Amino acid sequence: MTTCVFIQIRCRPGSTYKVAEEIALREIHSELYSTSGDYDLLMKVYIPEGQDVGKYINDELLGIDDIERSLTTMTFKVF
C-alpha cells in the first residue's frame, strides 16, 4: 500500500514556474497546484510501498533548485 502525502512548497521569489516545471519533468506527483499564502505550490504524492517518506522526499524533490522550504502532511486511512 502506498502512502499519500501532501507537500507545500515555498519557492524563491520569481521561481515558482521553474520549480513546478522541474517537478512535472520528474513525474513524482499525482497532483500539483499553485497556491496563495505562505507556500507557492501544493503537491499530492503517493510514496511507493517500502520507501521511507522523508528519504523519498529528500531524494526526489528537495534537490530542486529554488525550493526554500517545504511542509509535509502525512495522511492515514481512517475508514
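Q: What covers the buried residues of H1?
A: First, the ground rules: this is a predicted model, in which local features need pLDDT of at least 70 and side-chain atom pairs count only at pLDDT 80 or more, while totals for chains, interfaces and linings use all residues. Residues are numbered from 1 along each chain as its sequence is written, and side-chain values use heavy atoms, with hydrogens and water left out. Helices (H or I, at least four residues) and strands (E, at least two) are DSSP runs, numbered from the N terminus. Buried means under 20% relative accessible area, exposed over 50% and partly exposed in between (1.4 Å probe, protein chains only). Here, the cover over the buried residues of H1 includes strand S1 (3-11), S2, strand S3 (41-47) and S4.

Q: Which residues of H1 are buried?
A: An α-helix has 3.6 residues a turn, so residues three or four places apart point the same way. In H1, the buried residues are Thr16, Val19, Ala20 and Ile23. They lie on the same side of H1 because their arc around the axis is only 100°; the arc is that of the directions from the helix axis to the C-beta atoms. Tyr17, Lys18, Glu21 and Leu25 are exposed on the other side of H1.

Q: Which residues have the most contacts inside the largest nonpolar core?
A: A nonpolar core is a set of buried Ala, Val, Leu, Ile, Met, Phe, Trp, Tyr and Cys residues joined through side-chain atoms within 4.5 Å. The largest one has 18 residues, and Ile7, Ile9, Ile23 and Leu61 have the most contacts inside it. S1, H1, S3 and H2 are the elements that give two or more residues to this core. Contact means heavy atoms within 4.5 Å. Leaving out residues up to four places away in sequence, Ile9 touches Ile23, Tyr39, Asp40, Leu41, Leu61, Ile67 and Arg69.

Q: Where is Glu27 found?
A: Most residues other than glycine have a negative phi. Glu27 has a positive phi of about 55° and is found in the loop between helix H1 (16-26) and strand S2 (31-34). Glu27 is exposed, at a relative accessible area of 67%.

Q: Is Asp66 buried or exposed?
A: Asp66 counts as buried, at 16% relative accessibility. Asp66 is in the loop between helix H2 (53-60) and strand S4 (67-74), and its phi is positive, near 80°.

Q: What polar contact joins the side chains of Asp66 and Lys18?
A: A polar contact is a pair of N or O atoms within 3.5 Å; within protein, one must be able to donate a hydrogen and the other to accept it, and residues adjacent in sequence count only if both atoms are side-chain atoms. Between Asp66 and Lys18 the value is 2.8 Å.
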